[in-house]
Amino acid sequence: MIIVMERNHTEEQLQAVIRRIEQMGYSCHLSRGVERTIVGAVGSKDKTPLQVLEQMEGIEAVIPILRPYKLASREFRPETTVVNVEGVKIGGPEIVVIAGPCSVESEKQAIETARAVKAAGAKMLRGGAYKPRTSPYAFQGLEEDGLKILQAAKAETGLKIVTEIVAVNDIETLLKYADVLQVGARNCQNYALLRAIGQAKKPALLKRGMWATIQEYLMAAEYCLSEGNYDIMLCERGIRTFETETRFTLDLNAVPVLKNLTHLPVLVDPSHGTGHWRLVGPMARAAVAAGCDGLLVEVHPDPANALSDGSQSLKPTKFERMMDELRRVAVAVGRSI
Ligand code: PEP
Ligand code: MN
């Protein structure tokens, strides 16, 4: 249920509404928008109808949300959420580019990449220190040593750090270094991890599972939101189809579909979405044209010798060229990069 407050409601009326909803066994989530203040009442146990609230002062309407995700829905928050990562705003007019290697491999590799992507206009540095690999024999990441390298790259360039969390047990360590926690496609429905991120209240970037429907994906986000973390970004990274020419099928339909259904910012990862560096630029341009709020792109100084995902990684010079092309597309759709 959402409770839409009257435009001129008082703070006392709002607090009275919140108290009443909590007494009825629901938990309250507040959305104070420019236009309206909306209270979301969610709860699994108590089924007391909230329609009785309509009698209370300051309430304009009590509306059921029929979709299974509530706090992630546009009904709950009509304006797009702007996630503020230490001053870098995702969800506003500017399209934010996050770039860097698939995995942190060494200080030299990470710092060289960070300098290059920063010079080309990226605002955040990506790099995995804990890697979810299909094979247990593949490079698993440098773990905390990798996080320290990312910290050094941030100190040098000012780029904010986006790095993956693969297990709840690592969260304390990651919180010391990460500005944004990335949840990989393979953990899209790892509910214990999603709840832990919700409780950690750190900005998070949730990748869409390669099997997940958009509804399942939004339910994953709902896990974080229901724990009180509203700084959630979504990232389309390709789904499994019958096609084998590309690593995954980048579902750009998901961009306008998600923008319509949810207030959360929507990013696109054309690197994993295609699996081939030659396809990254064209699909990044298409993603910007489709209305994404940001991009996640893999860049490596020496892709041929990368320890993971070299074939889809751009060299820094190619990344720079792509950024120039993206700026022109952004302007054409009323955005900037
Ligand atoms: C990654 O970003 O390097 C990664 C592992 O992505 P995904 O979870 O989308 O496969
Ligand atoms: Mn990767």
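Here is a short chat about a predicted model of a protein chain and its ligand.

Student: How far apart do the C-alpha centres of domain 1 and domain 2 lie?

Tutor: Let's first place the two parts on the chain. Domain 1 covers residues 2-63, and domain 2 covers 83-332. Between their C-alpha centres, the distance is 36 Å.

Student: Which strands stand at the edges of the open sheet of four strands?

Tutor: Start with the order, which is β2-β3-β1-β4 with antiparallel pairing. A strand at the edge has a single partner, so one side of it is left without a neighbour in the sheet. The edge strands are β2 (27-32) and β4 (59-63).

Student: What is the bridge partner of Ile3 in β4?

Tutor: Look at strand β1, residues 2-5, which runs antiparallel to β4 and is joined to it by four bridges. In β4, the partner of Ile3 is Val62.

Student: What angle does the direction of helix α1 make with that of β2?

Tutor: Helix α1 spans residues 11-23 and packs on the sheet. It touches β1, β2, β3 (37-42) and β4. Its direction and that of β2 make an angle of about 150°.

Student: How much of the area that ligand 1 exposes when taken alone does the protein bury?

Tutor: The residues around ligand 1 include Gln182, Arg186 and His272. A polar side-chain atom of Gln182 is 2.9 Å from a ligand oxygen, while for Arg186 a side-chain N or O atom lies 2.8 Å from a ligand oxygen. For His272, the distance from a side-chain N or O atom to a ligand oxygen is 3.2 Å. Taken alone, ligand 1 exposes 300 Å², and the share of that buried by the protein is 97%.

Notes: Residues are numbered from 1 along each chain as its sequence is written. Chains are lettered from A and ligands numbered from 1 in the order in which they are written. This is a predicted model: local features need pLDDT of at least 70, side-chain atom pairs count only at pLDDT 80 or more; totals for chains, interfaces and linings use all residues. Side-chain values use heavy atoms; hydrogens and water are left out. Domain bounds come from an automatic or database domain assignment. Two strands pair if DSSP finds at least two bridges between them. Helices (H or I, at least four residues) and strands (E, at least two) are DSSP runs, numbered from the N terminus. Contact means heavy atoms within 4.5 Å. Axes are lines fitted to C-alpha atoms, for helices over the stretch in contact, and angles run from 0 to 180 degrees between N-to-C directions. A residue is near a molecule or strand if one of its heavy atoms lies within 4 Å of it. A polar contact is a pair of N or O atoms within 3.5 Å; within protein, one must be able to donate a hydrogen and the other to accept it, and residues adjacent in sequence count only if both atoms are side-chain atoms. Accessible areas come from the Shrake-Rupley method with a 1.4 Å probe; for residues, only the protein chains shown count as cover.
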